[in-house]
Amino acid sequence: MAERGRVAEAALAVGACSAVACRLPLVEAALIGAPLAEAAGRISEAGVAAALSPIADIRGSAEYRADAALVLLRRAVARALPVEETA
């Protein structure tokens with residue numbers, strides 16, 4: 001949710017990475033108050049890694065899953081935010 005050009009609320013979770021889906025509280029906290037244009041860039045590798053315990057199996061290594069989670073979270077946040085129109 002956005003308020004006055006900044007992120008007012010954030011709730012993020014990742015599935016198919018750890019044994020169960022996990023919320024990302026450090027990432028959510030980093031997003032609160034961030035300008036919309038900068039929000040996706042505030043999603044850090046450390047914040048994602050703190051919440052996840054990636055599994056490795058035939059479909060992907062733990063390293064791949066951690067990297068994919070970071071990239072997909074950044075993309076999802078960037079696409080979910082309202083686009084500010086310039087006049």
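These legends go with a few close-up views of a predicted model.

In this model, local features need pLDDT of at least 70 and side-chain atom pairs count only at pLDDT 80 or more, while totals for chains, interfaces and linings use all residues. Residues are numbered from 1 along each chain as its sequence is written, and side-chain values use heavy atoms, with hydrogens and water left out.

**View 1**
The C-alpha atoms fill a box of roughly 50 × 20 × 15 Å along the principal axes.

**View 2. Here's helix H3, residues 62–80.**
Its end C-alpha atoms sit 27 Å apart, which agrees with the span you'd expect for 19 residues at 1.5 Å a residue (1.5 Å times one less than the number of residues). Arg65, Ala68, Ala69, Leu70, Leu73 and Val77 are its buried residues (under 20% relative accessible area, 1.4 Å probe, protein chains only). Their cover includes strand S3, helix H1 and helix H2.

**View 3. Now look at the largest nonpolar core, with 20 residues.**
A core like this is a set of buried Ala, Val, Leu, Ile, Met, Phe, Trp, Tyr and Cys residues joined through side-chain atoms within 4.5 Å. Among those with the most contacts inside it are Leu24, Leu52 and Val77. H3 gives the most, with four residues.

**View 4. Zoom in on leucine 52.**
Beyond its neighbours within four places in sequence, leucine 52 is in contact with Val14, Cys17, Ser18, Cys22, Leu24 and Ala69 (contact: heavy atoms within 4.5 Å).

Definitions and conventions:
Helix = DSSP H or I, 4+ residues; strand = E, 2+ residues; numbered from the N terminus. Buried < 20%, exposed > 50% of the residue type's maximum accessible area, 1.4 Å probe, protein only.
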